[in-house]
Protein chains: 2
Amino acid sequence: MEKELRGACIIGQSGGPTSVINSSAYGVIRTALDSESITKVYGAAHGIKGVLEDKLYDMDFEDARELELLMNTPSSELGSCRYKMADPDVDDTDYRRLLEIFKKYDVRYFFYNGGNDSMDTCDKVSRFMAKSGYECRVMGVPKTIDNDLNNTDHCPGFASAAKYIATSCAEIYKDAHVYDTGMVCIIEIMGRHAGWLTASAALAGISGCAPDLIYLPETNFDMDEFVASVERVYKERGNCIVAVSEGVHYADGSFVSEAKTSATDGFGHAQLGGLASLLANVVKERTGVKVRGIELSLLQRCAAHAASAVDVEEAFMAGKVAVESAVAGETGKMVAFKRADGGEYKCEYVLVPLTSVANFEKKVPAEWITPDGAGVTQDFIDYALPLIQGSVERPTENGLPRYARLKKVLAK
Amino acid sequence: MEKELRGACIIGQSGGPTSVINSSAYGVIRTALDSESITKVYGAAHGIKGVLEDKLYDMDFEDARELELLMNTPSSELGSCRYKMADPDVDDTDYRRLLEIFKKYDVRYFFYNGGNDSMDTCDKVSRFMAKSGYECRVMGVPKTIDNDLNNTDHCPGFASAAKYIATSCAEIYKDAHVYDTGMVCIIEIMGRHAGWLTASAALAGISGCAPDLIYLPETNFDMDEFVASVERVYKERGNCIVAVSEGVHYADGSFVSEAKTSATDGFGHAQLGGLASLLANVVKERTGVKVRGIELSLLQRCAAHAASAVDVEEAFMAGKVAVESAVAGETGKMVAFKRADGGEYKCEYVLVPLTSVANFEKKVPAEWITPDGAGVTQDFIDYALPLIQGSVERPTENGLPRYARLKKVLAK
């Protein structure tokens, strides 16, 4: 154990929101408020931007019950940003400003909750502080529905999105099979470079409603093969449900979603239907069957009402372990998830260097994709199934979710 | 009480599916199986088409536990159809065929579960049977997420869709407010002629997340006013969430969604993005702000995982009361919902003539729409709020919904 470091902490949220990112924030805030080493807890308004702009919320003003409701609140309650920090060796302006703010508030702990880019930011801040001789422990808390962070079994946020996607795909399957006249249904799922979320559609098989075809961005997409597969399935089963990643691309790397010209409507406005509607149009034109395109859009990353209990708990623990580890002397690390050995699923919380996480993208292994490139293997199901277990008793008010209502009092 | 009528019954499902239509089916099937007057319970495959084609499932073969799981299963488990029966005075072919089937299986009770058109079918069947002297009691069981049936306070299926829409709008609101850079988000909601579902987006206000603007098909849409309103809200609040009915139309009655030409993409395929994406494009072109269009699509009518407990119970009761009333001698009626007098919400089940229901469309009252045509009043909230209360403990298997698995053995 290192010598005790006393001082304030900052928690910042970054990147796209998830159903459980606030569970991690609560893990950090609650644990920090209860820590004897941490003298003050600040929430950064809109991530690193809030630190640079000296917009810090003082958590002492918040009601304990409202803070606890963060466990029930989707999206990033403190606000997020997509601010890319420069390389400190090239331009250290932002870093010197950070240092100034850290000194002003005696910040000795910095927790940053986000995905790939955020871990990169976190890493740079950590190295700058070390270099400048200012003692500050910097910890990354993982978050991304895309599940593409390196060096961790999975990422908080993924499981809840996966559960929502699988449940929604099962419900769409039910709906699309109601008439005896056939139908093709194409469901567009997030994940531009990694197919974890789209693969999760296969979990609907648990409810007896697996999509017939699943296309991940890990393989090359071929439009003719796609249409031929849809036609074959439709002929065999009288219906065809397709799950497709927004990031599917041709062999030359170009996104299928971008392979269209700007067409115009009656007002002269460009048409910007998504990939699902593009593929639906292709199938309709070439086969003449009834087709519907559905884009799960933002719903898949913020559907806290359908969150996985495992995910909510692990997200909270990621925040808690980050604080406990920092207080114990760790810095420059990210909390990662390790699947314990043995038959039953158990998550172990470990620390990995931020440098080993930043700027990698973990993809679905090629051997988990079926040889025809239109499905996933049992390996994926075995991997994902433990993560989506359990649902959470969500507090409601008048039949609708009761979210945290923070006062967000700016620190002086 | 009429004299006892002994014989078999048929239950058929018709029109678009809902989250709770199978709760009504279970209400009919369970009550009929337990009735001493009803000798046999048949489920029609794909509604009236299944009767005409002599495709009836014998419910005696079904496991009681699986039947009970119908309470948990969205969509129409027996299959649906959109078959329009001819006027029997013009062409009675189908009706004579129905009579033949009814006689073959000694069917003395016919329960039809659906919306406007289905009540019309039900009414015609009822009148034909009466005219032909074949004793058969015909009862309508209401169903429609559109909530547009006449002579009933509300319709089974509406409340669960409303709850899902409000919850999803709250989640989208949270997600769309995460960055300090502004955003306009346009959410397209079902209901081509009646705005009940779109109005339900206002319920998200309970979670502190009401849409800024709400457009129902009950008023005329004006594109310039719409864009001006979005701009005004965006300037004031830095964000704008819009809920819009798929059925909004201009003063001349033409649908906004259809006011576009068939544009083509790089493959020469017509672009068929929906209304949300059309409006998003208009706002983007005219204002330059970041815009996202979201279509709730099929999800809103089949999201059983988020069903309202009140709705599930009332849907079941609608089926149960239909059977009990028919056994007691009623015919040619639909089970309707009446809000009991007094402060606390209570639903009373009453019977109304099928003729008073068929071929009307109940709209949102003009006085429940705000004068600017871009919102709803407290009257709507007071009306809808009691209906979306409670959630149901849904059986799951491996973290995903466990749906009914019926054997569907065809009657000989």
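Predicted model: local features only at pLDDT ≥ 70, side-chain atom pairs only at ≥ 80, totals over all residues.

Me: OK. How many residues of chain A are in contact with chain B?
Reply: On chain A there are 65 residues in contact, and they meet 66 residues of chain B.

Me: Which elements of chain A give two or more residues to that side?
Reply: Those are helix H6 (158-176), helix H9 (275-287), helix H10 (299-302) and strand S13 (400-401) of chain A.

Me: And which one gives the largest share?
Reply: H6(A) does, with nine residues.

Me: What's the split by class on the side of chain A that touches chain B?
Reply: You get 30 nonpolar, 24 polar and 11 charged residues there.

Me: Switching topic: how many residues are in the largest nonpolar core, and which have the most contacts inside it?
Reply: That core has 286 residues. Ile187(A), Cys9(B), Ile187(B) and Ala204(B) have the most contacts inside it.

Me: What is Cys9(B) in contact with, leaving aside neighbours within four places in sequence?
Reply: Its partners are Ala32(B), Ile38(B), Val41(B), Tyr42(B), Val107(B), Tyr109(B), Phe110(B) and Phe111(B).

Me: Ala32(B) turns up there. Where else does that residue make a contact?
Reply: Ala32(B) is one of the H1(B) residues in the contact with H11(B). On the H11(B) side, the residues include Ala315(B), Phe316(B), Gly319(B) and Val323(B).

Me: At what angle do those two helices pack?
Reply: H1 (residues 21-34) and H11 (residues 309-327) of chain B pack at about 40°, and their axes are 7 Å apart.

Me: Left-handed or right-handed crossing?
Reply: H1(B) crosses H11(B) in a right-handed way.

Me: And the classes in the contact of H1(B) with H11(B)?
Reply: The residues divide into 11 nonpolar, five polar and two charged.

Me: What about H1 and H11 in chain A?
Reply: In chain A, H1 and H11 pack at an angle of about 40° with their axes 7 Å apart, and the crossing of H1(A) and H11(A) is right-handed. Among the residues that meet are Tyr26(A) and Val28(A) in H1(A), and Met317(A) and Lys320(A) in H11(A).

Terms used. Residues numbered from 1 in each chain as written. Chains lettered and ligands numbered in written order. Contact = placed C-beta atoms within 7 Å. Helix = DSSP H or I, 4+ residues; strand = E, 2+ residues; numbered from the N terminus. Nonpolar A, V, L, I, M, F, W, Y, C, P; charged D, E, K, R; others polar. Core = buried A, V, L, I, M, F, W, Y, C linked by C-beta atoms within 7 Å. Buried ≥ 20, exposed ≤ 12 C-beta atoms within 10 Å, placed from the backbone. Axes fitted to C-alpha atoms, helices over the stretch in contact; angles between N-to-C directions. Left-handed = near helix turned anticlockwise from the far one by under 90°.
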